[in-house]
Structures are given as C-alpha cells and as structure tokens.
Amino acid sequence: MGADGTRDAFGAVPGPVPPVPEHAPAPPRPDGTAFLAWLRAPRPEAAVGIWRLEHRTRPQQDPELELVPGRRLVTGALLALLVAWCVWSLLYNGYVGLWWLLPLELVTPDSWRYGRAGALTAALVYYGYYALIGGGLLVAAGRMGRWAEVWRRYGAPRVSGLRSTGPSPAPAPEDDPAQWPHLRAAGADAAADRLASDATTGLMRDTDHARITRAWHAARTGRRIEAFTAAVRERGAAACAHPSGARDLPARVARHDLLTHQVRLGTAADTPKNPYAYRGAGVGIGPDLLGTSLLAVGPSGAGKTARVIRPVAEALCLQALAGRAAVVAVGAAGTDLGPDGQYDIVIRIGHPDSAHDLDLYGGTTDPDEAAAVLAEALTGDLAEDRRGAVMLSRLLGPFRAVHGRFPSVQELRQLLDGDQPALEALRRELDRAGHQGMRRDLDAAERQIGAGGPGAAFADRIALLDRPAFASFDPQNTGRAFSPRALDHPVRVRIDLPERGHPDAARVLARLVLAQFLAAVGQREDRSLFACLVLDDATGTITAEAVRGMQRLRSAHAGIALALRTLDDVDSPLRGPLLGAAGCRMALSGITPWDGKQFAEAWGTEWIEARDITDRQIIAETAGGRAWHGLRRAITGKAVTARAVTVRHVERERWSASDLAHAMPPGHAVVSLATVAGERTSPLLIDLRS
C-alpha cells in the first residue's frame, strides 16, 4: 500500500509521482531522410496521365494474351521433366539395352573404360558421359516444356522483387539531385553546398526544392547568378520565397509530386476496359493536362469536390508557392476548397468582414472591354445579342469620361433603369467638359433603353447585386478589389459566392469571374506562369462565348477545371461543344444514362476483336466410337462436342451509356486525358479512393 493506504484499479501500490520538468522537452532534430527518399525516388517516363513517382513500367499489351496460359505452361513444364526423368531411368537401368553407350565405346580407348588407366579415369569417363546424356535430356525437356518462359514469367519477377526490397545504394555525387549538380556545373558551388546541407538536415521541403529550381532557371536566363547565390548562401532553403512568405500549405489532402508537377487522383482499375499499361498504375494530373481544361460531371456525393476539385486546387496552390502557377478557386460559401491559410486572397462577396472584393470591371480602363465582359456576365446565358455590349459601352464610356472611374452597382442600375435625374446629371457634366461624342453615345444608349432593348434584361440582372446582402460589395475600391489581371503573379485566390438565398446572384458573379478570367489570361505579357480557374459548380455559367474562350486557353498557358452535377445544367446546344472544348473529361459514378450518352458519343468507338464460339455435337458412326462417347458422357456429364471459334473485328463504343450509368462502382470515375501537345488516352476507369 501507498502512504495513504490506497491501491490503483489493478490492486498495485502506486509509485511516487515524478517531479514536474522545469523546461519543455526539446523537439527532435529534423531529419532529411524522408525528403531525400522522395527526391531520389525513380520517376520513369510514362504514358499520359500515369503517376510517375516510383512507377513500374508495364508493356503496352498483356503478355498473357500472346503466350501460353499459365496453367498449361506449368503443366507442360512438369510433364516434360517427368518424361526426361523416365527416359533417363530407362537408359540408366538398362531396360532399353546398352546401345546408348556405343558412342562412348567408339571414341574412348578400352584402358579408360575398364580401369587399366586407373579407377579415377574410368569414373570420370563414365560419369562425364552420363552428365552429357542427362544434360541433353534436360535441354530437350526444357525446350519442349518452355522452362525459360516459366522462369521469365514466375521466377525472375520474384527474384527481382527480393533484390529490390533491400536499401537502394546512394547515387554518385554527380547524379545525386540532393547535391544540386546543375548548380555545381554552372560554378555555383557555394549555393549548392548550402542547399545540400539543408536537404540533409531536414530543413528543405518539396516546395523549397521546386521554388529554388525555378528561381535558378530564372537567374540563369536573366544573368543574375551572383544575386541568386548570395540569397541562397544567406537563407538556404528559405531563399527566393513566395511573396506571402509561405513555404508550404497548412494541410494536404492529396499526394503531390512537385518534380513532375502532378497530383494523384486515383488508381487505374485492373479491368479489361483499361489499357494494359495503365492497369494498377496511379493516375495523376498536372498543368500539361489542365492546359486542355478539365470537366468533371457527377451527382452530389460522388466526390467531385473532395476527390477532384480540391486536390486540383491544392496542387495549383503548391505550384504557386513554387512560382510556377496562379490559381483562382471559386465555390459557394462553405465549400471545402481548402483553409484560408492556403490562399493569399480570400474574397467573401457580400460578407462585411471580407478583406477583399471583386472588381466588377476586371481591372480594365477600356469601356468597350469592360462592357463586353459585363454583358457576358449579366446576360451571357440568354440569347446572344451584341447590341447589349454596345449599349453598356455607351453608358460606361461617358460615365468614366466625367468621373474618371466606372459606375458602382447602384449607379449602373440607375442608368440601366433609365433614371432621368441620373441621365440628366451625366449629360450636364458631359456638356460642361465638352465631350460631344460621349454625349451622342449617351443619347443613343438612352434611346435603346426607352425602346425596350437589352437594357431591361441588364437592369434585372444588375438588380440582383443591388441588395442589402451585398451592401458591403464595393467593386470600385481599388485598394481591396481583385482582378484576374493580377494573374501575372503567383497569386492564390479563393472566391466564396453567396449561394444560399442568392443563387441567381451567385451565377451572375460566377459568369463574371469566368468572363474576366478568359479575357485576362489572353492579354498576359508574361505567360511563364500557368493560370488556372477552378470552378466548383459551373451550373448556369457556361455560355457560347465561354466555350469559345476555353478553346483558346491552350495557347495562353492557362486552363479551367469545371464541375457539374449534370450536363442538363448546360444549355442543350452547348453540351456537345463543351465536351469537345474540354480535353480532360471525367464522368463520376452515379451519372444518369442521358449524361452517359453524351460522354459515350464524345469518346467514340473502337475496333475490337470479337470471338463467337459454337459447340457442335459429334455423332459417332461405329460401335467403338459410340462406346467411347458414352464413357465420356458418363464421366463429364456432357455430350461430346467440337468447338468452332469465329473471330471478327467489330466497332463498339468504348464506354456505353448503360455502362457509365449502371456498371461503374461507387467511388470510381471514367476519365479521358489529353495534353496540350495533342497526346490522348482512351477512357480509363479509376478508383478515386486510392
């Protein structure tokens, strides 16, 4: 018992309480083992979309299709060994005579065979001849039993697997990426030594390696090697930091490989519908694929956001930290597109606590360009009418000429409603400033509004943003307003749309962001950064102009990732062009047969080899034949038949609408990928959960 006579729950006497430590325990020293293993891991060249990190290359065709089936191969090898053993037994024991010793008697003297030259000589002669005959039998049996093929198929892979389980030897210094050989080759040995030290001691991360590598290429191009070396010697792995100062994301939900610029989406299923080279391999996506744009379609709960959109947004944020990309992620408020710390700018439209706002006019000073983008956002989902953009331009131009800025939401609504006091005030200011051309534009716009032109539709749509819930929405605050023109920098932006209670306003804002993005990325002077717009819900945002803009993104080093619950959320005439504009198409489990039909048509058909097998019963004509057939029927329970195989080449859909709607397992998706260079994959069934 203790001092107080108590015992613990197990009847043991509790020991003395240890004293409280005076200092907090020291954290463990960083270890660079994990980083070095990642850096030195093999990344072989692979087909489009394959996750290259530690990938094991497979042949394009299944060897089992062209070789003997495994069961028949093993059985034949064992039978050949048994036959060789039986033949040797018959020869050695003299059951077939001693004729097989005749060659030995013809080529050797009698003194060697009968021991007159010594017992050792006779033993060597006879056992050497036995080995020669036995070896010949084994060679013949090996050829007949395909022993070499058995070894290649079953023995060699297991031996190589046992060898690969051991620790891999460290690469030579000139081939070790942790020693930064490309810096040493350029004479920056001091910078290479500092970076190698940080990598070994665990002070370097994958984002640091990617960022410094890009900074090094920029330094060599701009002839700023001395400045780069000085920065690296001073700060080590923290050199050339992102403008935000961040070196990593707060959390990661997907696997990323910044050396190949890939994010892992899942694993290709081991199914005959997938090409053999992809079966069991990881599937990854990067800027080379996102440059053709990604379209993911699946019902709620299928995993569009958690398993596709957020990993893509997360990968682009990592690329931005490395100075390689700029990303704008758009979703409804509450959508899990990553924590606030993952982004540089978080825009909560209509939220009074939002530190930033969205520029209604995309940061442009040209009234015609601002009018075209705003018209696309307001009425792009309606019938195309160029007159609407012209009318807006005739309002925006005079207002900017007078006030030096574009109108706010409230002021624009007054003009579109034809408010006479507002129009008269603007007209007086134009007359005072002597802008007679602008006065004529304003008069023409007023006539269009009075004649019932597109002004009514614009006024109705802009009224959606002139609500008390958007009182804090100030698109003209140049200190807070964000514009996609900032995508010349590695910026990370998240825009939360007011989906709840204001779905129509959210669609207008989503179309506005999409239109501004398409207009801005094509005008960038520096296209070294990959710019990407990630739209979690594209319902009501796809217009004819947006589809045309998506097709122009490949040459602008930009892309879009879109998610839809169903293709019915897109106007019927635009569904086919949308699927054609998106190079990467993904159909998630649970889609309807109507959506599946659209994907099946987009993926087309392929020629396959169809085999028709027919069994024809054999009729015996003799008594012996009938007896034999009766015995076989009694043993097997089946009639004696002859099998005929007919091979035909037929054209069939790669994935039918029925297969997409009913045969796809939960948590899976069928995806086809395409690169900017034009390389494509056939539709792949992948498991998004692995």
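A crossing of two helices is left-handed if the near helix is turned anticlockwise from the far one by less than a right angle, and right-handed if clockwise. Helices here are DSSP runs (H or I, at least four residues), numbered from the N terminus.

The model is predicted, so local features need pLDDT of at least 70 and side-chain atom pairs count only at pLDDT 80 or more, whereas totals for chains, interfaces and linings use all residues. Residues are numbered from 1 along each chain as its sequence is written, and side-chain values use heavy atoms, without hydrogens and water.

Two packed helices are described by the angle between their axes and the distance between the axes. Axes are lines fitted to C-alpha atoms over the stretch in contact, with angles from 0 to 180 degrees between N-to-C directions.

| Helix pair | Axes come within | Crossing angle |
|---|---|---|
| α3 (residues 70-92) and α6 (residues 119-145) | 8 Å | roughly 155 degrees |
| α21 (residues 544-551) and α22 (residues 572-581) | 9 Å | roughly 15 degrees |

Because of its angle, α3 is roughly antiparallel to α6 (over 145 degrees). The crossing of α3 past α6 is right-handed. Contact (heavy atoms within 4.5 Å) involves residues including L73, W88 and Y92 in α3 and Y130, I133 and L137 in α6. This contact has 12 nonpolar, three polar and no charged residues. Nonpolar means Ala, Val, Leu, Ile, Met, Phe, Trp, Tyr, Cys and Pro; charged means Asp, Glu, Lys and Arg; the others, Gly among them, are polar.

By contrast, α21 and α22 are roughly parallel (under 35 degrees), and α21 passes α22 in a left-handed crossing. A544, V547, M550 and Q551 of α21 meet L574, P577, L578 and A581 of α22. Seven of these residues are nonpolar, one is polar and none is charged.

Conventions: Helices (H or I, at least four residues) and strands (E, at least two) are DSSP runs, numbered from the N terminus. Angles under 35 degrees count as roughly parallel, over 145 as roughly antiparallel, 65 to 115 as roughly perpendicular and the rest as oblique.
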